[in-house]
Amino acid sequence: MKKLGFGLMRMPLLDPTDASKVDVEQVKRMVDLFMEKGFTYFDTAIMYNGFASQRVAKAALVDRYPRDSFTLATKLHNGFFNSREDMEKIFSDQLEQTGAGYFDYYLLHGIEAGSYPKYEQFDCFNWLLEKKAQGLVKHAGFSFHDTPELLDEILTKYPQMEFVQIQLNYLDWESEWIQSRKVYEMAVKHGKPVIVMEPVKGGTLAKVPAEAEALLKAREPELSVPSWAIRFAASLEHVMVVLSGMSSVEQMADNLSYMDDFKPLAEDEVALTHQVAGIINRQIAVPCTGCSYCTAGCPMQIAIPQYFSLYNEDMRENLAHKGWTINFTNYENLTAKFGKASDCVACGQCEGVCPQHLPIIDRLKDVAAHFEG
């Protein structure tokens with residue numbers, strides 16, 4: 001299998017304020033480019049793109065290509081079931097929405113210390129293995145957002161799990177919170193191939209500070225900035241697939257240009273990515289990846305990832321004390337449809353589901369002070 005996967009999570013939109021309004025025709029062109037180059041791995045989930053992702057997978061992929069020509073992955077998220085009956089209904093709905101007949105890869109979604117007890121309560125690991133025995137799932141695994149110690153515990157208890165999907169990128173490689181390297185090494189210790197999510201950290205590694213970009217361009221003038229992030233992850237021996245949530249035909253074409261005939265990073269190139277990570281870490285304010293897990297249950301409908309992105313841009317450009325920027329207008333436009341940062345009622349649901357374990361409530365106060373103060 002070629003190492004690039006198409007993450008159906010940040011697809012192109014017809015309406016930038018509505019994640020469910022996917023530009024299906026553009027996705028079809030992206031799928032065609034992907035398949036033409038011999039790439040086959042597609043990743044979706046219930047809540048991706050405003051709950052539209054699985055249906056888009058059917059329209060853009062499943063209805064247009066022979067079933068044995070691609071591999072499709074989807075997931076069971078703990079936020080959508082409270083019984084075994086719920087789990088069965090979700091799985092049945094996923095088969096219907098995708099039209100896939102079976103899933104090549106099926107994951108228990110976003111396991112971390114807070115969600116793991118629920119997956120245990122409903123015996124989800126064995127439920128998934130039953131689906132595999134029935135031929136409805138070809139490969140059973142899970143995505144993971146926690147410590148290497150918890151991963152060790154899970155893989156020791158459930159050695160039948162065939163793969164692990166983890167957040168891995170050169171910015172989080174030595175992060176004390178994400179611990180990409182240590183989690184990767186634990187998966188390798190248990191002999192599990194790794195699927196990488198967030199290799200570009202929600203776009204953070206696609207638009208790096210000018211100082212960092214200059215270093216990358218000096219080394220490889222023809223390669224794009226995000227290519228370094230994708231290639232860093234793909235260069236790891238035990239990485240099976242690197243998922244990229246591509247949002248345009250142009251992004252797809254760029255990724256294919258260097259992943260079609262992929263060459264791992266040399267040692268000096270790996271060292272360069274670590275140097276770039278140091279530069280970025282000195283400038284980033286809120287390390288949000290834009291996954292939007294936090295927004296689904298927000299009672300005030302606050303556009304949390306979008307606000308963090310605007311805030312990060314102003315902080316990164318050192319514009320915090322320079323008065324007005326275009327992001328003030330962008331913020332105002334968003335608040336016409338979504339709640340303001342200052343509308344946060346500190347209910348905490350967002351922090352409970354954040355894979356990055358961010359102090360969202362406090363950071364929203366910073367956003368409010370910057371854009372509303």
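Which residues in α3 meet Gln-94, Glu-96, Gln-97 and Thr-98 in α4? In this predicted model, the α3 residues concerned are Gln-54, Arg-55, Lys-58 and Val-62.

## Two helix contacts

Helix α3 covers residues 53-62 and helix α4 covers residues 84-98. Their axes come within 7 Å and cross at roughly 35°. Sorted by class, the contact of α3 with α4 has four polar, three charged and one nonpolar residue.

A second contact joins helix α1 (residues 24-36) to helix α11 (residues 249-259), with the axes 9 Å apart and an angle of about 10° between them. Because angles under 35 degrees count as roughly parallel, α1 is described as roughly parallel to α11. From α1, the residues Gln-26, Arg-29, Met-30, Leu-33 and Phe-34 take part, and they meet Val-249, Glu-250, Met-252 and Leu-256 in α11. The residues of this contact divide into six nonpolar, two charged and one polar.

Within it, Gln-165 stands opposite Ile-195 in β7. In a regular strand the side chains alternate between the two faces of the sheet. In β7, Val-194 and Val-196 point one way, while Ile-195 and Met-197 point the other way. All four of these residues are buried.

In soluble globular proteins, nonpolar side chains tend to be buried together. The largest nonpolar core of this model has 89 residues, and Phe-125, Phe-142, Phe-144 and Tyr-170 are those with the most contacts inside it. Helix α10 (residues 225-234) gives the most to this core, namely seven residues. Another core, of 25 residues, lies apart from it and has among its members Cys-294, Met-315, Phe-328 and Ala-368.

Leaving aside neighbours within four places in sequence, Phe-144 is in contact with Ile-111, Leu-150, Leu-151, Ile-154, Val-164, Gln-165, Ile-166, Gln-167, Val-183 and Met-197.

## An enclosed helix

Ten of the ten residues of α10 are buried, so this helix is largely enclosed by the rest of the structure. The buried residues include Trp-228, Ile-230 and Phe-232, and also Ser-227 and Arg-231. The elements that cover them include the strands β1, β7 and β8 (239-244), together with the helices α9 (210-219), α11 and α12 (267-281).

## Two residues with positive phi

Gln-301 has a phi near 50°, a positive value in a residue other than glycine. Gln-301 is placed in the loop between α12 and α13 (304-316), and this residue is exposed, with a relative accessible area of 56%.

Ala-346 is not a glycine either, yet has a positive phi of about 55°. Ala-346 lies in the loop between α14 (326-335) and α15 (349-353). With a relative accessible area of 46%, Ala-346 is partly exposed.

Technical notes: Residues numbered from 1 in each chain as written. Predicted model: local features only at pLDDT ≥ 70, side-chain atom pairs only at ≥ 80, totals over all residues. Heavy atoms only, no water. Axes fitted to C-alpha atoms, helices over the stretch in contact; angles between N-to-C directions. Helix = DSSP H or I, 4+ residues; strand = E, 2+ residues; numbered from the N terminus. Parallel < 35°, antiparallel > 145°, perpendicular 65-115°, else oblique. Contact = heavy atoms within 4.5 Å. Nonpolar A, V, L, I, M, F, W, Y, C, P; charged D, E, K, R; others polar. Pairing = 2+ DSSP bridges. Core = buried A, V, L, I, M, F, W, Y, C linked by side-chain atoms within 4.5 Å. Buried < 20%, exposed > 50% of the residue type's maximum accessible area, 1.4 Å probe, protein only.
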